[in-house]
Amino acid sequence: MGRIATAAIVSLWTIPVFILVNRIVPDPYMDEIFHIPQAQKYCNGDFMSWDPMITTPPGLYYLSLVQVAALFPIKYFLQLASSFPEACSTAVLRSINGVLALLCSMLVYEIIAHLRPALDDRKSALFATVLTLYPLHWFFTFLYYTDVASLTAVLAMYLACLKKKYLFSALLGAMAVFIRQTNIIWMLFVACSEVIDITMAHQKDSVEVDDLKASNQGTIPSTVNTGVNVSSNLRKRKSKGNAKSNKPPYWKSTSSTSQTSGLLHEIQAIVLTSWRIKWELLVSFSPFFFVLLAFVAFLFWNGSVVLGAKEAHVVSPHFAQIMYFSLVSALLAAPLHFTIGHALDLFRSFWRNGLLGIFLLLSALIASLLSVHFFSIAHPYLLADNRHYTFYLWRKIIKVHWSMKYLLVPFYVYSWFSIFRFLDKTRRRIWILAYFFATSAVLIPAPLIEFRYYTIPFYFFILHTDIDDRRSLLLIGILYTILNIFTMTMFLFRPFHWDHESGVQRFIW
């Protein structure tokens, strides 16, 4: 019932804002000038033509075809469209993201309920509703971009994997990659996350069995009754372990093996256990491997990750990108990250680690300084297009003075350590390391600063935090609402014109 209520709440603003956007901006805008004509070609049955400016695969267009096919009989009956191509209007194509946004809110609710079964329905619904307001996700719900479809497919893949439906999860992963290529990284991350949970669950079961055997040594000699008791106890423990393993552990393991050596021990345990159950893992996760092989074949065939505009999207070592991500993500969850209590908790965690904590902090500062000094990229699109907010952030903040990019480094480092601190309360350190690598693999090669790219890693972070108080959720919801009202007002009611180009221009993320 909670997921339906969440979708119903989300629809209360999705429908009226959708109507407003299509009334004021009825024509394709920005990247829509590429996506909408391409989708309309598909509606006309032309699947061979391709706009060379489109960088992503046609997954969104096929999803649109399914929706248009479902709506066409109704529109034909109401005499709103006399042919299938006529039904592929700008508004209809945009509406697929509205539908996917509702589905996405339900997926978020299901993931929260799965990861945190102790959380009551109302808090889960509130959490999911607030995340649906996440500004980058919310804004592009009303335009024909790939972001909402991409996020929805990735979350659906993750939920299926959490529920041990690996074949279905891999198929959803293939669909996610067919919408946006970089989702191959998130598919691998999801599979890796599940491998971690499976291997650590096996490790815990092995320890429990060993402890049980040790506890039975030196007792009454083996008899029929003793054997029955031990067998019964083993079955009970195994059944409890299996019940827990149906969901990834949302707490720190308390077994003796997981408390000893931290990250290195987790890596060793996963490697050894993976080898011991290699055939089980191979069978379970082979569908993901086949999707990966298909993607590698695509890379050889295409010669690049992107399909079109390859010269403008060359893979670059943009290490500063992960710095920007950390600060933006922290600011968009400011009620969590920027409180005195949390800052003191973070400081105490470094203090308790002594020299190791100081070493980690200094290493992070040095790495961040090197990243912003040698690997900050000013893409031509960033410098030339004043319709994006990043244009103004770059000019008015980062480039306002030569020292500013260095002065921001402590905030980048604080933001990353704050993210790690929240994740460390709920996830194993090997999972956090995998998350950092996945986020880096997606963001570092991207030369253009696009906050839209931060959506999926932000969702993976926030879904695995331990937020359970309504105050924090409400504050985040208020922050998102203010940003959404501002950005949509600027988009709809503050148009401007370029001297060198005709047409109306609008501010956009």
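Visitor: Is Phe139 buried or exposed?
Guide: The model is a predicted one, and in it Phe139 has a relative accessible area of 1%. The cut-off for a buried residue is under 20%, so a value of 1% places Phe139 among residues that are buried.

Visitor: And Phe491, is that residue buried or exposed?
Guide: The relative accessibility computed for Phe491 is 1%. Since the limit for this class is under 20%, Phe491 counts as buried.

Visitor: How many aromatic pairs does the count come to, and how are the planes of Phe139 and Phe491 arranged?
Guide: By the rule used for ring pairs, the count comes to 51 aromatic pairs. For Phe139 and Phe491, the ring centres are 5.4 Å apart and the planes stand at 80°. Planes over 60 degrees apart are classed as edge-to-face, so the pair of Phe139 and Phe491 is edge-to-face.

Visitor: How many residues apart are Phe139 and Phe491, and which helices hold them?
Guide: Phe139 belongs to helix α6 (residues 135-139), while Phe491 belongs to helix α23.

Visitor: What kind of aromatic pair do Phe417 and Phe420 form?
Guide: Phe417 and Phe420 both belong to helix α20 (residues 409-424), where they lie three residues apart, about one turn of the helix. Their rings are 6.3 Å apart centre to centre, with 85° between the planes, and the aromatic pair is edge-to-face.

Visitor: Over which ring does the charged end of Arg427 sit, and over which ring does that of Arg452 sit?
Guide: The charged end of Arg427 is placed over a ring at 5.0 Å from its centre, and that ring belongs to Trp431. For Arg452 the distance from the charged end to the ring centre is 5.5 Å, and the ring is that of Phe140.

Visitor: At what angle do α4 and α5 cross, and what is the handedness of the crossing?
Guide: The axes of helix α4 (residues 90-115) and helix α5 (residues 121-132) come within 9 Å and cross at roughly 135°. This angle makes α4 oblique to α5. Residues of α4 including Ser105 and Tyr109 meet residues of α5 including Phe127 and Leu131, and the crossing of α4 and α5 is right-handed.

Visitor: How do α7 and α8 lie relative to each other?
Guide: Among the residues that meet at this contact are Ala153 and Met157 in α7, and Leu172 and Ala176 in α8. The crossing in which α7 passes α8 is left-handed. Helix α7 (residues 147-162) and helix α8 (residues 166-179) have axes 8 Å apart and pack at an angle of about 165°. Because angles over 145 degrees fall in that class, α7 is roughly antiparallel to α8.

Visitor: Which residues of α5 make the contact with α23?
Guide: The axes of α5 and α23 are 9 Å apart and pack at an angle of about 25°, so the two helices are roughly parallel to each other. α5 passes α23 in a left-handed crossing. On the α23 side the contact is made by Arg470, Leu473, Leu474, Ile476, Gly477 and Tyr480, and on the α5 side by Arg122, Lys123, Leu126, Phe127 and Val130.

Visitor: Which residues does Thr129 touch, not counting those up to four places away in sequence?
Guide: Thr129 lies in helix α5 and, at 10% relative accessibility, counts as buried. Leaving aside residues up to four places away in sequence, Thr129 touches Thr6, Ile9 and Trp13.

Visitor: How far apart in space are Asp466 and Lys425, C-alpha to C-alpha?
Guide: Asp466 is placed in the loop between α22 (455-463) and α23 (470-493), and at 30% relative accessibility Asp466 counts as partly exposed. Asp466 and Lys425 are 41 residues apart in sequence, and the C-alpha to C-alpha distance between them in space is 7.4 Å.

Visitor: For the chain as a whole, what percentage of the residues count as buried?
Guide: The secondary structure comes to 23 helices and two strands. Of the contacts with a separation of 6 or more, 79% are between residues 24 or more positions apart. The chain has 509 residues, and the share of them that count as buried is 51%.

Methods:
Residues numbered from 1 in each chain as written. Predicted model: local features only at pLDDT ≥ 70, side-chain atom pairs only at ≥ 80, totals over all residues. Heavy atoms only, no water. Helix = DSSP H or I, 4+ residues; strand = E, 2+ residues; numbered from the N terminus. Buried < 20%, exposed > 50% of the residue type's maximum accessible area, 1.4 Å probe, protein only. Phe/Tyr/Trp six-rings, centres within 6.5 Å; stacked < 30°, edge-to-face > 60°. Lys NZ or Arg CZ within 6 Å of the ring centre and 35° of its normal. Axes fitted to C-alpha atoms, helices over the stretch in contact; angles between N-to-C directions. Parallel < 35°, antiparallel > 145°, perpendicular 65-115°, else oblique. Left-handed = near helix turned anticlockwise from the far one by under 90°. Contact = heavy atoms within 4.5 Å.
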